Amino acid sequence: MRTETPPTVRLADYRPSDHLIDRVELDVRLDPRDTRVTATLALRPNPAGRADAPLVLDGDDLTLLGLALDGEVLAPEAYRADASGLTLPDCPQRAFTLRIETRLDPTANTKLMGLYRSSGVYCTQCEADGFRRITYFLDRPDVLSVYTTRIEADRESAPVLLGNGNPVEAGEIPGTGRHYAVWHDPLPKPAYLFALVGGRLDRVTKRFTTMEGRDVALAVYVEPGKADRAAYALDAVERSMIWDEQAFGRAYDLDVFNVVAVSDFNMGAMENKGLNIFNDKYVLASPETATDVDYAAIEAIIAHEYFHNWSGNRVTCRDWFQLCLKEGLTVFRDQEFSSDMRSRAVHRIGEVRTLRARQFPEDAGPLAHPVRPKQYAEINNFYTATVYEKGAEIVRMLRTLIGEAAFRAGMDRYFADNDGRAATVEDFLKAFEAVTGRDLTRFAEWYECPGTPRVAVSGHYDAAARTYRLDFRQTRPGAGADAPPLIIPISLGLVGPDGPLDQATSDRVEDGVFVLDAAEDSLTFTNVAAEPVPSLFRGFSAPVRVEISLDDAARLTLLRHDPDSFNRWEAAQRIATGLITAQVRGTTTEAAGAERFVAALGAFLDAEALRDPAFAAQVLALPSEGDIADEIGQAIDPDAIFRARRDLRRRLGAGLRDRLLTLRETLAEPAGAAFSPDAASAGRRALRNAALDLIAAADPAAGIALAQEQIAAATNMTDRLAALSTLALLPGTARETALAAFAERYASEPLVLDKWFAIQATIPEDGTIERIRQLREHPAFAMTNPNRVRALIGSFSLANPTQFNRLDGAGYDLVAETILALDGTNPQVAARLMTAFGPWRRLEAERRSLAEAALRRIAATPSLSRDVTDIGTRSLAG
């Protein structure tokens, strides 16, 4: 493991590789403890690189067994090699071949990077720089090569052998009990997209014909006995392929497309060319084991990795500073896919909830960075919400600015101009400039600036002139006085007491969008018949914080009449946020505001709950404790936030009780009805379970009874888990009995037990830390499995703010000791746990001091990994 202080890598220092690798031939002889890899590399000098440069190949924890140049074994004095690199000082200044033999121990590879063995299955993870743990290589994304891979293994333990590209040959090795398979990928790719899998696996298959007439064999591989849980993932693959052809004109380009699910995986999934490797939680699903949220996540992540085939694989990124070019763009594409598969309005609300929960706090803390960072110490720590979710929002803003037709034309141009290349953000924007004639230089500033912009808005109505003026002012926290204003698309309209004021017009609004491109600007509407309420940033048209003085009456007008579903939901969220923050700050004790909110939600449910249950469930869901903390900003007291939010939940539950009980009855599944994960069915379940949550908040006894009834009658995991989650918040025998029964029922289901771990980790009670310590000894828990760690410790640190931020520091101590225990075996997971400390500077003084002490204790530990050192250094900086 690399424990030295990580060097700083800067975008400004980028230069092309001095050498290129045109072809890679790999011979991988798999063995649990003694895998041998022979790599034959066809190298040549890069015309864009330095003349007479030495060949410097990357390595990480490698053992070199042999080295030959053009077939001749090199003398030891002709090269320098150690576990972290190989250098040929006097390599030929012409095309040549280099044959490298290395030895690996896949079983000992607990980092889960490079080639490792998981539950008896050999698999790889090479992004960002894991290929150098397989062989010495130019392990950078701008070196693209054509790969041919021969995989050999014991047939009994690994009857399935998979690689990138198309299968070429397979056979037995007589007298050895071993067999082999050869795979060839005809399309050049960087090393991070290399993959192989070997093991005992079941599969489900189907065939698909592309719009170009190619017959493709699709397959999803899973652990033996779990093929019946792979059908939904396979269906999502097919739907993704169809959608990408229709929405973006992108057809698949190989004869096979394989998905493999493994149980030990640091990430969600990986888009290796033709061989996507997934964390099994994003593949396996059945009504008994997966919730509606799980089904939606499987659909989205299957799509995301498949869409990478073009936005990431065919067109890759020149360097890791351009990570958003593949990830942000592909998140945008998978969001559009999910919106078309489900409710676009509800899905958009979910996207913004995620952005605000993960990326806004990141932008406000010590780990803030631009969407395209200017430097990094450990690239694994930059797979962040800023790169992914904010990166997607920038693509969405671009589409809003130029329109859907021009956006599609620009995407076609981007793929055509950069197919087979390693591209940059500039290449991406250049394609849209070419089709629109626009200069996007200023728009590119979105990629360069950290922090969440703020837009202050004030409105002024002139009844005599029948005009309405909106004044805008944008600021960028942390930016200097000379920082240029951003280009911010604001989708907007005006709403009157009886509905949208469609007759109001402005010559500066085009297709419902006003573009704010100055620090301050004004917009005037004419023919405004009554004083309006502005509906701003419809559909969340830009990732900004909006500051506007609207009273609850105005927001209720938006909730009732705004044609934009997002802003209707946002109106309810802002009212709830105001009520909760007022109680936290002690600025009001007046209950009338809450009563008006309850009445408004009652009217909303009466009018629309049955028409769109999924949307109604979103409107009923209060802002999270994290949302409220983000709104308060400084001197955050998690306990006060918890109490205020709990009190409002109680008010809503009490005031809406009769309606909620009626809805639960009306929306109940008919007896004997088959489970379906479709959006409409999921929406009905979501509203029933939101109703259960509020009823229990107001009347725990009734909540316990309803939850117990629901568990007894449940025919699917969504309803069973929702009821268990409700009981988990209600101390007593019923809770512990239900938790024990759940664990017994699913004792052989690790992914289901992850849900059980997570529910208990998020109980907001003083006994939770001791509960977690006991759960770490549970037979199903393993510190070596990232899913188990994320379920128990990750859920605690990110979703239990009162206990993580305990005033005695015990929550910080628990997470810190877990980080240090993991750092030696899996530093990536350890570093991601450490990001939970990100908002520490915004806490009130006592907690802030305790959190800082925990961070400094971690940072002072000898021999920390680069991953944890980097997060610690940045968290404590300034």
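## Surroundings of Glu445

Apart from neighbours within four places in sequence, Glu445 makes contacts with Arg476, Pro484 and Leu486. The model described here is a predicted one. Glu445 sits in a loop, with helix H7 (425-436) on one side of that loop and strand E25 (454-462) on the other.

The relative accessible area of Glu445 is 21%. Buried residues have under 20%, so Glu445 counts as partly exposed. Glu445 and Asn689 are separated by 244 residues in sequence, and their C-alpha atoms are 43 Å apart in space.

## Helices H19 and H20

Helix H19 (residues 750-761) packs with helix H20 (residues 768-775) at an angle of about 155 degrees, and the two axes are 9 Å apart. An angle over 145 degrees counts as roughly antiparallel, and H19 and H20 are therefore roughly antiparallel to each other.

On the H19 side, the contact is made by Trp756, Phe757, Gln760 and Ala761. H20 contributes Thr768, Arg771, Ile772 and Leu775. Sorted by class, the residues of this contact between H19 and H20 are 5 nonpolar, 2 polar and 1 charged.

## Helices H23 and H25

Helix H23 (residues 810-823) and helix H25 (residues 845-859) have axes that come within 10 Å of each other and cross at roughly 15 degrees. Angles under 35 degrees count as roughly parallel, which means that H23 and H25 are roughly parallel to each other. The crossing of H23 past H25 is right-handed.

H23 takes part in the contact through Tyr812, Asp813, Ala816, Ile819 and Leu820. From H25 come Arg847, Leu850, Ala851, Ala854, Arg857 and Ile858. The contact of H23 with H25 comprises 8 nonpolar and 3 charged residues, with no polar ones.

## Cysteines

A disulfide is a covalent bond joining the sulfur atoms of two cysteines. With a cut-off of 2.5 Å between cysteine sulfur atoms, the count of disulfides in this model is 0.

Cys449 is in no disulfide, and the nearest cysteine sulfur, which belongs to Cys324, is 12 Å away. Cys449 has a relative accessible area of 3% and is therefore buried. Cys91 also counts as buried, because its relative accessibility is 6%.

Key. Residues numbered from 1 in each chain as written. Predicted model: local features only at pLDDT ≥ 70, side-chain atom pairs only at ≥ 80, totals over all residues. Heavy atoms only, no water. Axes fitted to C-alpha atoms, helices over the stretch in contact; angles between N-to-C directions. Helix = DSSP H or I, 4+ residues; strand = E, 2+ residues; numbered from the N terminus. Parallel < 35°, antiparallel > 145°, perpendicular 65-115°, else oblique. Left-handed = near helix turned anticlockwise from the far one by under 90°. Contact = heavy atoms within 4.5 Å. Nonpolar A, V, L, I, M, F, W, Y, C, P; charged D, E, K, R; others polar. Buried < 20%, exposed > 50% of the residue type's maximum accessible area, 1.4 Å probe, protein only.
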